[in-house]
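Here is a friendly note to read alongside the structure.

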There are 2 protein chains.
Amino acid sequence: MSQDSQFHLNAFLMGVGHHEAAWRHPRTEAHRVLDVAHFQELGRIAERGKLDSVFFADGLAVGPRIKHNTQAIFEPVTLLSAIAVATEHVGLIATASTSYSDPYNLARKFTSLDHISGGRAGWNIVTSAGADEAANFGVDGIPAHSGRYERAEEFVDVTLALWDSWEDGAVVLDPETGVFADPGKVHTIDHDGPRFRVKGPLNSPRSAQGRPLLVQAGSSESGKEFAARYAEAVFTAQRTLEQGQEFYRDLEARVVKHGRNAGDLKVLPGIVPFIADTEEEAKALEQSFTDLISPEYSLRQLSTMLGVDLTKHSLDAPLPPLPPLDEIQGNKSRYQLVKDLAADGSLTVRQLIGLLGGGRGHRTFAGTPEQVADELQTWFEQGAADGFNIMPPYLPGGLDDFVDRVVPILQQRGLFRTEYTATTLRGHYGLTDVGNRFAGAVDEASA
Amino acid sequence: MSQDSQFHLNAFLMGVGHHEAAWRHPRTEAHRVLDVAHFQELGRIAERGKLDSVFFADGLAVGPRIKHNTQAIFEPVTLLSAIAVATEHVGLIATASTSYSDPYNLARKFTSLDHISGGRAGWNIVTSAGADEAANFGVDGIPAHSGRYERAEEFVDVTLALWDSWEDGAVVLDPETGVFADPGKVHTIDHDGPRFRVKGPLNSPRSAQGRPLLVQAGSSESGKEFAARYAEAVFTAQRTLEQGQEFYRDLEARVVKHGRNAGDLKVLPGIVPFIADTEEEAKALEQSFTDLISPEYSLRQLSTMLGVDLTKHSLDAPLPPLPPLDEIQGNKSRYQLVKDLAADGSLTVRQLIGLLGGGRGHRTFAGTPEQVADELQTWFEQGAADGFNIMPPYLPGGLDDFVDRVVPILQQRGLFRTEYTATTLRGHYGLTDVGNRFAGAVDEASA
Ligand SMILES: Cc1cc2nc3c(=O)[nH]c(=O)nc-3n(C[C@H](O)[C@H](O)[C@H](O)COP(=O)(O)O)c2cc1C
Ligand SMILES: Cc1cc2nc3c(=O)[nH]c(=O)nc-3n(C[C@H](O)[C@H](O)[C@H](O)COP(=O)(O)O)c2cc1C
């Protein structure tokens, strides 16, 4: 939320593309999902387009989609370390869960990525809604939505404290006196809460950008409150301009309520762009992907999304009645989105699957480079976005097209940077003033 | 333990060198401890020498040595991901703790490194003996030695099962039929033990080498039993040929007792080599490092090693009496080593510190390239080693010297490979036959 004249662009990367049939399409090479060089190339393409960042989602289970799931190969932080050393500027955002890890290890691995990349790391904070994820960590069923967010809050509080535990300038590195760090600038955090007890300090100095950027992508009531309190960027699935504007206003009000400035949080709705010379060609391109969707895969995915088993349901009938939102412990916002789409009962399951196939609920848009640019400009100028989460339906080609054909138009219109002006991810997002609770404090650790 | 005619070499990398004063010495540039490019260069130097692997230690706290500790910067798995993409052959071994992580996340991150590197990942399994580490994970005091090893055993059992959960060939990647993986070759593990319940499968396919190499470095009674049961390589601190032979025979007997072949485990004692044209120059080089040791730092480090506060103790008096071994919950083997050194009461604390400074208890050796090669050959041929853990006192220079001056002599003598003959880390160590408990099994996950 800002009055900035330029917007922000994140490339959400997934295997050989976001479209669920991407890896079956002639525009991709399926085996690349296994190849780290493919992902390094994607990082370099994003950097060629001066994008703010690249981003990887993550989940802690294969899920019921083993047969068709091409995503489960790399862990995002290790993958981004490999991309970090193949790029110089682009930000690197990894998803990690607060439900199945702990603050010390998480703070450490993101700080390590931040050091490897010279201050370009970001953390997409998720609470892991899946029962299949829970079962890999000794938890039965889906942990309650509220408990997950309570844990997430304490988790992030501890992580932020650990990231403050080394002040700027704590590393002295003076061979003459033999002093590596100034112990007066390295602090214990002595956290003692209901879920975590952590003494600190972190075993890694503060990075070039102070600490990683905090990103969030949950749109339920608790998700929005959480984002308003902690997040600096929000990824969100909004299908219409009106919904986007409403979400934007809602989040802005919450941010201010939490005593922050509206500009402290950037809202980035997702878009899956099919780009071609003419609108007809773009629509035909999209259709060529839709034609490759496997109904078996999609029914499983829709079942997971809704928490309702549809695998025996007819493809040509409308959705069965769905339970009320407050009975859903999983991904509430995605559930609501599908429920809204299906509300008037006119869509069959097959049609619904086609609609969702491109971006699993995110907005797809097929058009010329100018039309895509117009669409982004409208959302930005009409108060629905501070930037966009670009979700190429196929990779690397879909990212190439966006970077080489849409970005130059945005640059000509003055809507997007022509060169990087900052060196860190926080800098790209215009969030430089990070502060440190311990700056100047004197505590036991200095003894 | 093997009758191989050639031995194995691992480069144990640490900041700008193993000698505790390395970063104060003119042969190093201290600021490189913060620079990922320095570590990528070390990986390339090791590869130039056809070394089997590089290795990073790790601890989950800064410890009481904040002021002088130059090690605590990068987390090893992220760092090795960055090195993986700058190298082609050399193995990549990272330390990770079984006490403060859990099997699913650990299995996942090592598999990810294995995919990034094309099958070159290894795991040095540690149980984290420090009270300072415990305090970062809500645990008071040092967790009991026996409990740590019990947890380690179940932890490794689960991790191995997760690594087997995808069979070789499970990834089909057939765009025609739309099948990514063959669900009949992806298995749940359904582990239900005293400390962990994990359903599986892992969310990442089997890697090119089947699973990461298992390495261990604890030399206490439980440590040796653990190594004999699980480890494929052991790093160990042995100060004399006789001690090395005794350790080797002891471990060999235990490996056989556990029903394994002697050749399934490689023993690699550590050596800190100071290399120069003449023996005198090499000894003078070592002395120039010893002269830079900060007694304040060393006293703290010795106190941590022994679990006894020596920071107020006179440098010129012998060690105070030490408690019996069975009262030590921390690092038992390192404790015993120092106790042995100090046994006859003739060494002052200052002398002890000088002795330990080079490799924190590991054997230092100063000599010509031929003398270093002779020493390694003797240990190998006299049944004390299957290879060596090379711990350069300063970096990158000390590794350059070993690779460019010692390795060619070993190669001429037929003791070390002149080219890589394998593509994976397991291959370098001659451990190719890894097996998979689930191969051919039919279970529910195939439904
Ligand atoms: C663009 C986008 C990316 C997401 N990426 C992930 C992810 O990688 N892992 C995950 O568990 N959830 C992911 N989510 C889901 C949300 O983070 C959140 O967990 C989910 O919406 C459930 O929370 P809620 O009930 O607050 O909506 C993503 C959502 C969006 C919109
Ligand atoms: C070469 C070498 C490297 C080691 N690296 C680590 C390490 O990185 N992290 C750690 O916690 N312990 C490390 N250790 C210590 C052992 O793994 C082990 O934890 C320690 O010896 C205590 O176990 P013990 O009581 O069985 O001896 C290392 C030991 C040796 C000999």
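1. A term to start with: a polar contact is a pair of N or O atoms within 3.5 Å; within protein, one atom must be able to donate a hydrogen and the other to accept it, and residues adjacent in sequence count only if both atoms are side-chain atoms. With that in hand, look at ligand 2, where one of its oxygen atoms sits 2.7 Å from a polar backbone atom of D58(B).

2. Before going further, please keep in mind that this is a predicted model, in which local features need pLDDT of at least 70 and side-chain atom pairs count only at pLDDT 80 or more, while totals for chains, interfaces and linings use all residues. Residues are numbered from 1 along each chain as its sequence is written, chains are lettered from A and ligands numbered from 1 in the order in which they are written, and side-chain values use heavy atoms, leaving out hydrogens and water.

3. Which residues come nearest to ligand 2? They are D58(B), H145(B), Y149(B), S220(B) and S333(B), out of 21 residues around the ligand (a residue counts if one of its heavy atoms lies within 4 Å). H145(B) places a polar side-chain atom 2.7 Å from a ligand oxygen, and S220(B) has a polar side-chain atom 2.4 Å from an oxygen of ligand 2. On its own, ligand 2 has 610 Å² of accessible area, and the protein covers 92% of that (Shrake-Rupley method, 1.4 Å probe).

4. Now turn to chain A, which is divided into domain 1 (8-291 + 361-428) and domain 2 (294-356), with bounds from an automatic or database domain assignment. Taken over C-alpha atoms, the centres of these domains are 26 Å apart.

5. How do the two domains of chain A meet? Contact, meaning heavy atoms within 4.5 Å, joins 21 residues of domain 1 to 18 residues of domain 2. The area buried between them (accessible area lost on being put together, 1.4 Å probe, summed over both) is about 1,700 Å², with carbon and sulfur atoms giving 55%. The domain 1 side that touches domain 2 has 6 nonpolar, 9 polar and 6 charged residues, where Ala, Val, Leu, Ile, Met, Phe, Trp, Tyr, Cys and Pro count as nonpolar, Asp, Glu, Lys and Arg as charged, and the others, Gly among them, as polar.

6. Finally, chains A and B: 69 residues of chain A are in contact with 69 residues of chain B, and about 5,500 Å² is buried between them, 62% of it from carbon and sulfur atoms. The interface has 4 salt bridges (a side-chain nitrogen of Lys or Arg within 4 Å of a carboxyl oxygen of Asp or Glu). D140(A) forms a salt bridge with R197(B), the closest N and O atoms being 3.1 Å apart.

Key:
Buried area = accessible area lost by both parts, 1.4 Å probe.
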